[in-house]
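Here is a short tour of one protein model. Keep the structure open beside the text as you read.

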Amino acid sequence: ETPRKPRGRQFFANPGPTNIPDSVLLATAHQTMDFNDPNFLEVYDGCIAGLKQVLRTQHEVFLYTGSGHAAWEATLVNLLSPGETVLILESGYFSDSWAQMAKDLGLEVQMVAADWRRGVDIADVRAALAADTAHAIKAVCVVHNETATGMMIPLPEVRAALDATGHPALLLSDTISSLGSLDYRMDEWGIDACVGGSQKGLMLPTGMSFTGVSAKGMEAHKTSRLPKFYFNWSKMMTRRHRSFVGTVPISFFYGLQESLRLMLQEEGLDNVIARHTRLARAVRAAVQHWSGNNGPQFFCLNPARYSDSVTAVMMPEGHDGDSFRATALQRFNLSLGGGLGPLGGKVFRIGHLGDLNEPMILGTLATIELTMKVCGVPHQAGGVDAALAALG
Ligand code: PLP
């Protein structure tokens, strides 16, 4: 069958980038300005204050023109020195990529191994920290929300493991697919560095990322010796913007001003998080229902850690996730996320974060069910009714 020309609106259910609200899209279309123009500086300063509110921090935030990988790298090179050890909690594709980056940057990487479907055992984290009596581990890195598997790692429990063992390592968290979607409290949870990006919960285009840094993180920065130039926080602090070595991407800030207005003023951060919780419940009710009759299964096998921003769904034996996604896209203009790394073809991912409401989620779920019918994927029909019941 020749692919149809898509008609109607695309349902974009990727776990990032995400849907951009029209008002944010329009706000980003701003004419060029001098980034030192007082009118821009007012917008800029407001955005930094708003971003700190979303991070729930009173401390520093440094920004970069670059996607989440840039903030990962910036965070490591600003806090650590060659040969130092980082302890990385395995969660999936993104923890492993961050670990590979750390190795390539010249750090020693110790992993707390975990089954991707069940997630790390906090007792193993505690044991690794307790065994490190010489305090060789300088930082513990955690992906708060593993976008590849649909699992959330409880950061307060990781903080408690550090506190219980009296270990002085910094706590670094990747909040790329959790910030602005899941509850996140940088200062309250004792996070020393928090890595975020523009294209997920903040509902902006891809291309800007940032790190929130605690006072303890700033102390560690003073003695860090990994090479850095564009990412150097000390260099940034000498500038008016206290960020960006180079031209400030002003259009992002007009967009960010609007997305922060939507999140903090119009909806309220607690309501944003509650909406994600509600919509995630509907998605899970559908997946749970479909899983009958040898249907697709939750990839995540730890219900206490289900992510409220993304659900990874494992295809039944003999059915390929990528061809399933291709059918959803070509026939129905529904864009789903694919499986990453070893999960390629094995799972598809439903992104349920950002600018999203009930009709969008229900449309997505109905179309997934339709695609399963079309592709002959076994499932228990009626997942949309289950989602309706979860919402009603
Ligand atoms: N960390 C997590 C949890 C992610 O989901 C992603 C991207 O999806 C990244 C890091 C990498 O970010 P980027 O693709 O913006 O470089």
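How many bridges join strand 2 to strand 10? Six bridges do so, and the two strands run antiparallel. Strand 10 covers residues 208–213. Tyr 64 stands opposite Ser 209 in strand 10.

First, the ground rules. This is a predicted model, where local features need pLDDT of at least 70, side-chain atom pairs count only at pLDDT 80 or more, and totals for chains, interfaces and linings use all residues. Residues are numbered from 1 along each chain as its sequence is written. Helices (H or I, at least four residues) and strands (E, at least two) are DSSP runs, numbered from the N terminus. Two strands pair if DSSP finds at least two bridges between them.

Strands of a sheet pair through backbone hydrogen bonds, either parallel or antiparallel. Here, seven strands form an open sheet in the order 2-10-9-8-5-3-4, and the pairing is mixed. From one strand to the next, the twist averages 20°.

Angles run from 0 to 180 degrees between N-to-C directions, and axes are lines fitted to C-alpha atoms, for helices over the stretch in contact. Residues are in contact if their C-beta atoms, placed from the backbone, lie within 7 Å. Helix 2 (residues 38–55) packs on the sheet and touches strand 2, strand 9 (193–197) and strand 10. The direction of helix 2 makes about 110° with that of strand 2. Helix 3 (residues 68–79) lies across strand 2, strand 5 (137–143), strand 8 (170–174), strand 9 and strand 10. Helix 3 runs at about 160° to strand 9.

Strand 12 (residues 310–314) and strand 14 (residues 347–351) run antiparallel, joined by five bridges. Thr 311 stands opposite Ile 350 in strand 14.

**Helix against helix**

Two packed helices are described by the angle between their axes and the distance between the axes.

| Helix pair | Angle | Axis distance |
|---|---|---|
| Helix 5 (residues 122–131) and helix 6 (residues 155–165) | about 30° | 9 Å apart |
| Helix 11 (residues 321–332) and helix 12 (residues 358–375) | roughly 110° | within 10 Å |
| Helix 2 and helix 9 (residues 250–267) | roughly 45° | within 9 Å |

Angles under 35 degrees count as roughly parallel, over 145 as roughly antiparallel, 65 to 115 as roughly perpendicular and the rest as oblique. Helix 2 and helix 9 are therefore oblique to each other. A crossing is left-handed if the near helix is turned anticlockwise from the far one by less than a right angle, and right-handed if clockwise. Helix 2 passes helix 9 in a left-handed crossing, while helix 5 passes helix 6 in a right-handed one.

Now the residues. In the classes used here, Ala, Val, Leu, Ile, Met, Phe, Trp, Tyr, Cys and Pro count as nonpolar, Asp, Glu, Lys and Arg as charged, and the others, Gly among them, as polar. Residues of helix 2 that meet helix 9 include Phe 40, Val 43 and Tyr 44. Their partners in helix 9 include Ile 250, Phe 253 and Leu 256. The contact of helix 2 with helix 9 has twelve nonpolar, four polar and no charged residues.

**The ligand and two backbone details**

Which residues are around the ligand? They are Gly 16, Ser 67, Gly 68, His 69, Phe 94, Val 143, Thr 147, Asp 174, Ile 176, Ser 177 and Gly 197 (C-beta atom, placed from the backbone, within 6 Å). The shell has three nonpolar, seven polar and one charged residues.

Gly 16 is also part of a cis peptide bond, with Pro 17, where omega is about 5°. Pro 17 sits in the loop between strand 1 and helix 1 (22–28). Arg 56 has phi near 55°, a positive value in a residue other than glycine. Arg 56 lies in the loop between helix 2 and strand 2.

Methods: Contact = placed C-beta atoms within 7 Å.
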